[in-house]
Amino acid sequence: MPVPSLLAVFAHPDDESLSAGGVLARHAAAGARTAVVTATWAADTRRAAELAEALRILGAGEPRMLGYADARVPHSAPGCVRLCEAPLDETVRRLVTHIREFRPDIMVTHDAYGGLPGHPDHVHTHRVTVLAAQAAGLGQLYPDAGAPWQPRALYLATHPHSAVSALRAAIGARKTVYSVPDEQVTATVDVGPWMERKIAAVLAHRSEVDRGALPGVIAALSPEETDCSGPGSSSNARRCAWQAAICGP
C-alpha cells in the first residue's frame, strides 16, 4: 500500500524538526508526499532560510509560511500581527488553503499543551490546526480557498508522563514540562534509522543553536546520547530520554 501523504503544521521554524523530523524523513524515504506549514516568521528572515535547509534535509519540500509574528519576537515578521492576536477565522482560512492545495492523507501538529514548553504560539497553532483540519472538508466554509479536502487523521506530537524524568536528565529541562498520561498515547513511530537525518535538520536551525535553545542543547550531546538504535539503548537513560523527546509519540 502507498505510504500516506503527510502535512505537518507547527508554530516556529525548528518545531518541525524537533517534533516530527523523524516522521517526515521516514515518510519521504518511503516515497510519500510530505510538506510543512509554519505559522510564524517572515519568509525573508534568517530563520526562514534555516527552515528551507531543514526541509531539504527531511525531503519535505519548500517552506509554507503563514507569516505571523512570534508572540515573543516581534521582529520575526515586521509589520505583521502576532499569531495569537490575529483573527481566528483568518488564520484558519489561511491554513485551510494549504490543506486543500496539498491534500494530505494525514496531518500532525502540536498537542493541546503546545508540547513540552507550552509556548503560547504552540498552543494556538494546535487550536488553529484542529479547526482547519475539519473545516477543510466542508465545502460551504471558505469556498475561495480551494476544493474541499478531508484528511483521514490528525495526530498530535506529544510525550508520555513516563518520559519526563529522563527528559530532564537528557536535555536539562528545568522548567515545567507538559506531558500526557501514557495510556493516552495511541501511536508511536520508530524513526531510529532516520535519526541522523533528523538531527541534521535540527542543527540546520543555526540561529537557535547559537543562542542555546533546544537545538543548541542537542548539538552539545554526544553521538552515544543521540543514538536511539545502538546496543544498550533500552538501558541508557539519556538515550531513552532522547528517543522519547524526538523519536517517540
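At what angle do helix 2 and helix 6 pack, and how far apart are their axes? I read about 170° and 8 Å for helix 2 (residues 46-58) and helix 6 (residues 195-203). Axes are lines fitted to C-alpha atoms, for helices over the stretch in contact, with angles from 0 to 180 degrees between N-to-C directions. Helices (H or I, at least four residues) and strands (E, at least two) are DSSP runs, numbered from the N terminus. Helix 2 and helix 6 are therefore roughly antiparallel (angle over 145 degrees).

The model is predicted: local features need pLDDT of at least 70, side-chain atom pairs pLDDT 80 or more, while totals for chains, interfaces and linings use all residues. Numbering starts from 1 along each chain as its sequence is written, and side-chain values use heavy atoms, without hydrogens and water.

I listed the contact next (heavy atoms within 4.5 Å). Ala54, Ile57 and Leu58 of helix 2 meet Arg197, Lys198, Ala200 and Ala201 of helix 6.

Then I checked helix 3 (residues 88-102) against helix 4 (residues 120-135): their axes come within 9 Å and cross at roughly 60°. Among the contact residues are Leu95 and Ile99 of helix 3 and Val128 and Leu131 of helix 4.

Strand 4 (residues 106-110) is joined to strand 5 by 5 bridges. His110 is opposite Ala157 of strand 5.

Technical notes:
Angles under 35 degrees count as roughly parallel, over 145 as roughly antiparallel, 65 to 115 as roughly perpendicular and the rest as oblique. Two strands pair if DSSP finds at least two bridges between them.
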